[in-house]
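Hello,

Here is the structure I promised to pass on. My notes on one helix and on the salt bridges follow below.

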Amino acid sequence: MKLAVLSDTHGLLRSEVKKIISECDAVLHAGDIASQKIIDEIEKAKRADAPLYIVRGNNDKEWAEHLPHHLAFSLGGANLFLVHNKKDVPEELGDRQIVIYGHSHKYAEEWKDGRLWLNPGSCGRRRFRMELTMAVLELDEDGWRAERVDIPDETPQKREKDAPQKCGRRSIEAVLRRMEKGQTVSRIAEELKLEPAFVEEICRIKVTHPGVTALGILDKMEVNKTGR
């Protein structure tokens with residue numbers, strides 16, 4: 001049994017991802033979908049008999065309230081746990097054999113205490129120059145194994161190259177002010193004419209690093225971009 005495992009599409013379902021989905025027996029999405037439109041595209045791309053397991057991410061707001069925060073289910077003889085943020089995985093996983101999560105946009109595959117932990121990375125809107133990835137998880141009587149799939153970037157790069165110049169300290173401070181007022185990522189991006197991915201990154205760093213300054217956020221974004 002082959003599972004298409006993806007996460008953090010952020011409003012973009014690429015043609016290569018659709019092709020892989022169409023070839024698999026089930027589809028798992030670990031959140032930050034961005035809109036019902038993406039779910040509809042997945043439903044259209046997958047086989048009619050292929051089940052879809054999907055959870056909401058931290059950026060899936062009111063429209064996704066009907067989606068579960070996490071799921072525990074069984075496929076191909078394996079017990080799986082699906083959630084967006086690794087921090088939300090419970091300490092006691094019981095008989096769960098595979099844990100799938102997203103959020104960081106970075107592919108990760110690790111075996112711990114006989115359990116597979118898999119982050120397929122992001123295959124949607126590209127953040128900085130981070131790699132675009134997903135995974136195909138194969139389950140059979142001999143066990144299970146994950147295959148990393150690198151996705152080609154089909155989108156124009158000009159706006160992405162220009163975006164870091166827009167995203168200086170003043171822009172970050174403006175984002176933070178609006179974030180404190182409870183504005184959504186999409187509204188902040190629209191008002192400030194910034195890429196949603198950059199606004200999302202600023203908000204994520206602020207949430208995960210309370211007390212960080214605008215300059216501190218700028219430093220962390222540069223580290224993420226360069227990998228240093």
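K46 is buried, at 12% relative accessibility (buried is under 20% relative accessible area, exposed over 50%, partly exposed in between; 1.4 Å probe, protein chains only). Its side chain meets that of E43 in a salt bridge, 3.5 Å from N to O. E43 is partly exposed, at 41%.

Some ground rules. This is a predicted model, where local features need pLDDT of at least 70 and side-chain atom pairs pLDDT 80 or more, while totals for chains, interfaces and linings use all residues. Residues are numbered from 1 along each chain as its sequence is written, and side-chain values use heavy atoms, without hydrogens or water.

A salt bridge here is a side-chain nitrogen of Lys or Arg within 4 Å of a carboxyl oxygen of Asp or Glu. The count comes to 15. R169 and E173 form one of them, at 3.8 Å. They sit four residues apart in helix α4, about one helical turn. (Helices are DSSP runs of H or I, at least four residues, numbered from the N terminus.)

E191 and R178 form another, at 2.9 Å. E191 lies in α5 and R178 in α4, so this pair ties together parts 13 residues apart in sequence. Shared partners also join K18, K37 and E41 into one network.

Now α5, residues 185-192. V185, I188 and A189 are buried there. The buried residues pack against α4 and α6 (contact is heavy atoms within 4.5 Å). K193 follows α5, with a positive phi near 55°.

Best wishes

Technical notes: Helices (H or I, at least four residues) and strands (E, at least two) are DSSP runs, numbered from the N terminus.
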